[in-house]
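Biologist: I would like to go through the helix packing in this model. Please take the questions one at a time.

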Amino acid sequence: MAPVAAGLFHGDIDDKTLYNFVVVEGNGVKGMVDSGLLSEVPNLFIQPQHERIQFVTAVKNKEVKTTKHLPIIDLSELDDPTKHEEVVRKLVDAAESLGFFQIMNHGVPSELLERLKQAAHNFFNQPPEYKSLYLRGRVSPSSPIVKYGTSFAPEKAGKALEWKDFVSMIYTSDSDALQFWPQECKEAALEYLKTSSKMVRRILEVLFGNLGLEVIDKNEEYLYMGGMRVNMNFYPPCPDPELTVGVAPHSDMGTLTVLLQDGIGGLHVKINEDEQEESDGEWIEIPPIPSALVINVGDSLQILSNGRYKSAEHRVRTTSTQSRVSIPLFVAPRPGDKIGPLPQVVENGGIPHYRDFLCAEYMNNFFGKAHEGKKSLDFAKISP
């Protein structure tokens, strides 16, 4: 712990000093919590009233119709001729409505998932001086494929910080991953990426097949899943969870996201019954299922499908009892790829609702702003 921490939380600390300690110096939310001097949520992290997650409004699994709202799909049944079409329909229905589903028997070993969660704890339990090496490419300035930080776009003025630390590992090659990714988690994270990518390709084959694209060749595979990134998120205990958020409401920018939850939970997904993206939908909390993986549709797949598939708006609450980790694998087009509605979809479904653009342009727009629901999609929409 940095020496300044000893006196940091006594009395009224100004936001700038706390911001420098947590964000700039790399101590993170964990460093702030680990000081043992934190008795209440600092102003810098207190969310406006409309952003807070009231536990009484989060609908639990047992209170909703799981067949409609919380699809749990056995992916191995794609290999069963008697169940194949039923599983295809479940995948398509989930992508067209909620943009979210959970999968079992997905081909990623349970032992690897447990090892991955432990690897995340191992990294975040390292001293701040070590983790801060990954703040701005300090480990390898010529290959900035690892980023450690706190919150999403913390530099955006006027937005409360999220109660989360993260490390993000961009995949460029196996050799780069083993050389540059953190020692504590690189092997488990790389195995997770490579094993999950086989399952992602299979899901995309089903979803694009439903759109009329029967075969995904190598060029198309690079377009849909050429950019991959493993994040590890760490949510320390919070003195008053109802004042904070772990992650603010947002949709992911990529094609699909594969998420491993631990056993604590905290993921919320928004249901819009009238299918209007800006409507006040109902939030449901997605309880963890042992050995299951969460899959959610990203903005890129919504655009490629011309709106047939819906990216899932989601958020994360904090907890007061224990630290929580989650590990998402983000699958997306590469920055230099041009994306837009697939010709097959437009030909069969009328006018395009989104314009064509370079993925890098969308990435700059997405990462250049704080989370704000699904408004990132406005960048690509064609005005009526």
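Modeller: A definition comes first: a crossing is left-handed if the near helix is turned anticlockwise from the far one by less than a right angle, and right-handed if clockwise. The model is a predicted one.

Biologist: In which hand does α5 pass α8, left-handed or right-handed?

Modeller: The axes of α5 (residues 110–124) and α8 come within 9 Å and cross at roughly 140°. Angles over 145 degrees count as roughly antiparallel, and α5 and α8 are therefore oblique to each other. The crossing of α8 by α5 is left-handed.

Biologist: How do the residues of the contact of α5 with α8 divide by class?

Modeller: On the α5 side are L112, L113, R115, L116 and A119, which meet A188, A189, E191, Y192 and T195 of α8. Tyr counts as nonpolar in this scheme. The contact divides into two charged, one polar and seven nonpolar residues.

Biologist: How is α4 oriented to α8, roughly parallel or roughly perpendicular?

Modeller: Helix α4 covers residues 84–96 and α8 covers residues 186–210; their axes come within 10 Å and cross at roughly 75°. The range 65 to 115 degrees counts as roughly perpendicular. That makes the orientation of α4 to α8 roughly perpendicular.

Biologist: Which residues in α8 meet α4?

Modeller: From α4, the contact takes in V88, R89, L91, V92, A95 and E96. By class, the contact of α4 with α8 has six nonpolar, two charged and one polar residue. The α8 residues are V206, L207 and N210.

Biologist: Which residue just after α8 takes a positive phi?

Modeller: The phi in question is about 100°. The residue just after α8 with this positive phi is G212.

Definitions and conventions
Residues are numbered from 1 along each chain as its sequence is written. This is a predicted model: local features need pLDDT of at least 70, side-chain atom pairs count only at pLDDT 80 or more; totals for chains, interfaces and linings use all residues. Side-chain values use heavy atoms; hydrogens and water are left out. Axes are lines fitted to C-alpha atoms, for helices over the stretch in contact, and angles run from 0 to 180 degrees between N-to-C directions. Helices (H or I, at least four residues) and strands (E, at least two) are DSSP runs, numbered from the N terminus. Angles under 35 degrees count as roughly parallel, over 145 as roughly antiparallel, 65 to 115 as roughly perpendicular and the rest as oblique. Contact means heavy atoms within 4.5 Å.
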